[in-house]
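Keep the structure open beside you as you read.

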Amino acid sequence: MPKSFSDLLREARAQVPEVSPAEVDLLLDGPAAPVLVDVREASEWEQGHIDGAVHVAKSYLEQGIESDVPDRSRPVVLYCAGGIRSLFAAQTLSQMGYESVSSMSGGFQQWKAQGYRWTTPPSLSPDQRQRYSRHLLIPEVGLNGQARLLDSKALIIGAGGLGSPAALYLAAAGVGTIGIVDFDVVDMSNLQRQVIHSTARVGQKKTESARATIEGLNPDVTVVPHEEMLVAANVERIIAGYDVILDGTDTFETRYIVNDAAVAAGIPVIHASVFRFEGQLTTFIPYEGPCYRCLYPTPPPPELAPGCSVAGVLGVVPGILGLLQANEALKVLLGIGNTLAGRLLLFDALEAEFTELKLRRDPNCPVCSDAAVQARAEGRPLTVDGVNVEAPFLMTMTGLAGKVSPEARA
């Protein structure tokens, strides 16, 4: 016998427990909080939703709920605008094997009317929704993550072999502000690996060449050029306000300058360097793992750390390492995944092999040790040796040399 809507609604109410907004509020603050699922359509969600809720529209419930709520034994509370769609959605979840499913009576309208907390998600323009659509589909990024990227600031030191691919992919991902430090001009020999530049821009400032490419790729991105040498006297000013730093420098002197200033400022640094067919990558997050001085307490002699103009480099190697830097930077900015803090990743292009070394903080590091932190707080920073801190850097490519400190090896 055919069933009317009223018949179906009576059946749903008979099968699905209903909880009031007041009860849901208490449950959310309790020790075993349920998963709160908003089953309204995207346009409704964007106008406001309960803080902490997961959005799975009823029209996509069957195919979307398992990724957001994989544990079928965990209690689930569904809500819609007025409490009707959530009843039918709860029936569906019960049929899919979810053990404890209930529907919030009165829905979001009643929740708001009773004065409970709710929030409005970040808004993206239609063009931005289309541009970042693949990010919006990923639960770990989504609308909030993309908005976070658009509000983020990344500083790339060196628009060279490492900085070029990193800048392109951070810009494509929608990192809202990208600072680029470089005082060099584009040379024909750069084009074998520095893919952000072009033949037509030979002789142009690298900062301007990079800005033109990035703005052509994504108009959402603001490029801040820093056309100057990075030295101890200006590093604090240059890095101020950035959320993450990508180190694509080619001298130990500059790496130490960046490291010391970033540790003091609490800014993560994504470090990479390459040499011929090899590369290495790590992430320095202040006090969560070692810093650059923990790995290399003193720089090697210049003859042991030649740049690519002397030693050469396979053009694809800095591309691979630069992309991995961008990947680490996005994880840091989004707060997802496991970074390389405390790990050193080694890459061998000829063997297509990655090797990982475990690292730890040097308890006697003059920059990130507890004693160093205390000394800075007291206005008497510890002395660091072995570096000419006023030496500028040329970002044609990164030399890879030096031996990891035994104190930093886990």
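Predicted model: local features only at pLDDT ≥ 70, side-chain atom pairs only at ≥ 80, totals over all residues.

To look for pockets, a 1 Å grid is laid over the protein atoms alone, and a pocket is an open set of points with protein on both sides within 12 Å along at least five of seven lines; lining residues have an atom within 4 Å of a point. Residues are numbered from 1 along each chain as its sequence is written, and side-chain values use heavy atoms, with hydrogens and water left out.

What lines this pocket? There are 31 lining residues, and the closest to its centre are W45, H55, L136, G142 and L143. By class, the lining has 15 nonpolar, 11 polar and 5 charged residues (Ala, Val, Leu, Ile, Met, Phe, Trp, Tyr, Cys and Pro count as nonpolar, Asp, Glu, Lys and Arg as charged, and the others, Gly among them, as polar). Helix α4 (61-68) is one of the elements that supply at least two lining residues, and α4 gives the most, with 4. Helices here are DSSP runs of H or I with at least four residues, numbered from the N terminus.

Now follow α4 to its neighbour. It packs against helix α5 (residues 85-95) at an angle of about 70 degrees, with the axes 11 Å apart (axes are lines fitted to C-alpha atoms over the stretch in contact, and angles run from 0 to 180 degrees between N-to-C directions). The two are therefore roughly perpendicular, a label for angles of 65 to 115 degrees; under 35 is roughly parallel, over 145 roughly antiparallel, and the rest oblique. L61, E62 and I65 of α4 touch A89, T92 and L93 of α5, where contact means heavy atoms within 4.5 Å.

Helix α5 also packs with helix α1 (residues 5-15), this time at about 60 degrees with axes 9 Å apart. That makes α1 oblique to α5. On the α5 side, L87, F88 and Q91 take part in this contact.

Finally, find helix α10 (residues 163-173) and helix α16 (residues 316-334), whose axes lie 7 Å apart at an angle of about 40 degrees. Their contact has 10 nonpolar residues, 2 polar and no charged.

Terms used
1 Å grid on protein atoms, 1.4 Å probe; cavity = no way out; pocket = protein on both sides within 12 Å on 5 of 7 lines; lining within 4 Å.
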